[in-house]
Amino acid sequence: MGMVHRSLGGSWLVVLAWLVAAEAPAAEDLRVSVVVIVASETDEKVDPKLECIAREVKRANKNLKGFRLVHMVCKSIPPKVQETFLLIDKQEVGITVNKGADRKNRVQVRVAPPLLGEITYITPCGKFLPIVTRYRPRQDELLIFAIRVQPCDGGK
Amino acid sequence: MRYDEQQSSRPSPEQLAAYADGELEGPAHQAVETWLTDHPDAALEVEQHRSLTRAWKESSAPEPSAEAWRHTLRAIHQRLQPRRHPFNRRWLGVALAGLTAAAVVAALVAPRFLAPPASVIPTQPVTSAPPEEEPFPVVEAHEVIIISMNPNDSEALVVAQPLQLSEIQLVTHEDIEIIEKANPNIKLEDWGTPMIVDPLAFGGK
């Protein structure tokens with residue numbers, strides 16, 4: 001009876017491990033988060049989460065007073081595969097993670113913002129890099145988005 | 001004999017007809033015969049009935065012969081056979097189409113006249129589904145992954161985890177490095193927080 005219990009317990013562990021592995025994303029997939037922001041020249045409300053971005057953008061253009069979060073998109077994508085993220089008003093951005101986190105937890109990203117050419121850069125994982133576009137959803141608004149890549153596993 | 005006694009002993013028309021046809025026997029026959037003796041005018045009716053019967057028998061059509069019966073029966077069987085004539089099939093199709101249309105109209109109109117008033121509609125829903133029907137499958141919370149949402153709607157979620165936006169941590173100047181850019185005018189602005197800025201974002205050239 002003891003052997004039966006042990007074998008059954010082992011079987012359950014195998015099944016559980018299989019279920020966990022089946023649900024978890026592939027190990028090499030990278031999670032890319034895109035935050036879509038709209039800066040306004042008329043609406044002065046600033047989302048608390050955007051205070052840092054708002055402060056810096058206001059320095060460049062004092063006409064932009066308000067900053068609101070439109071939405072946030074997260075996708076798990078394999079390296080070197082471009083994925084398209086919808087921003088606003090059918091504006092899209094193509095993002096490719098050329099390399100995952102290295103020993104310094106830095107990733108290499110290639111991005112194609114709307115109305116702008118491709119940019120390839122190296123940035124630390126887990127932090128957002130804002131990109132200010134020229135696209136105006138309305139005459140008194142400006143589209144800004146920020147990209148973050150995860151995980152930061154030190155190249156493991 | 002008084003009038004009412006006369007009426008009560010008068011044979012019924014059926015008895016008189018049976019007497020005229022010779023179908024009464026025994027006391028009934030005797031009673032009718034006695035009554036007719038006392039009522040000559042009624043006897044005349046009986047004689048007229050007998051004359052009519054004789055005329056019927058003399059002028060009735062002869063019975064069909066056996067061959068005639070066989071011919072008729074054969075014709076009946078032939079008519080009962082299913083016809084394969086296309087002309088009949090077409091009319092059958094027309095008839096079926098008409099019946100179908102009538103059924104559809106009846107189905108649409110009947111509820112207006114047959115449906116019970118709202119006050120008598122049972123309010124208790126059917127609680128038990130047939131045993132052979134399975135309930136609709138429903139996802140579990142851990143199976144749902146939010147891809148896109150408005151961060152302000154985080155509190156409205158009942159399943160899955162909201163997108164983690166409690167803190168937007170930005171890169172620093174030491175962290176960022178541009179390797180390649182298609183547009184040479186793209187700059188990494190030297191602000192407190194580094195940002196990639198479209199040269200035309202603020203109306204520049």
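1. Helix packing in chain B. In this predicted model, helix α2 (residues 13–20) of chain B packs against helix α4 (residues 40–59) of chain B at an angle of about 60°, and their axes are 9 Å apart. Helices are DSSP runs of H or I of at least four residues, strands are runs of E of at least two, and both are numbered from the N terminus. Axes are lines fitted to C-alpha atoms, for helices over the stretch in contact; angles run from 0 to 180 degrees between N-to-C directions.

2. Contact residues. α2(B) contributes B:L16, B:A17, B:Y19 and B:A20. α4(B) contributes B:V46, B:H49 and B:R50. Contact means heavy atoms within 4.5 Å.

3. Loop residue A:Q82. This residue lies in the loop between β2 (66–77) and β3 (83–88) of chain A. A:Q82 is partly exposed, at 45% relative accessible area (buried is under 20%, exposed over 50%, partly exposed in between; 1.4 Å probe, protein chains only). Beyond neighbours within four places in sequence, A:Q82 contacts A:G94, A:I95 and A:T96.

4. Confidence. Chain A has a mean pLDDT of 83, and 81% of its residues reach 70 or more. pLDDT is the predictor's confidence in each residue, from 0 to 100. Over residues 20–25 of chain A the pLDDT is below 50. Where pLDDT is low, the predicted coordinates should not be read in detail.

5. Conventions. Residues are numbered from 1 along each chain as its sequence is written, and chains are lettered from A in the order written. Local features need pLDDT of at least 70, side-chain atom pairs count only at 80 or more, totals for chains, interfaces and linings use all residues, and side-chain values use heavy atoms, without hydrogens and water.
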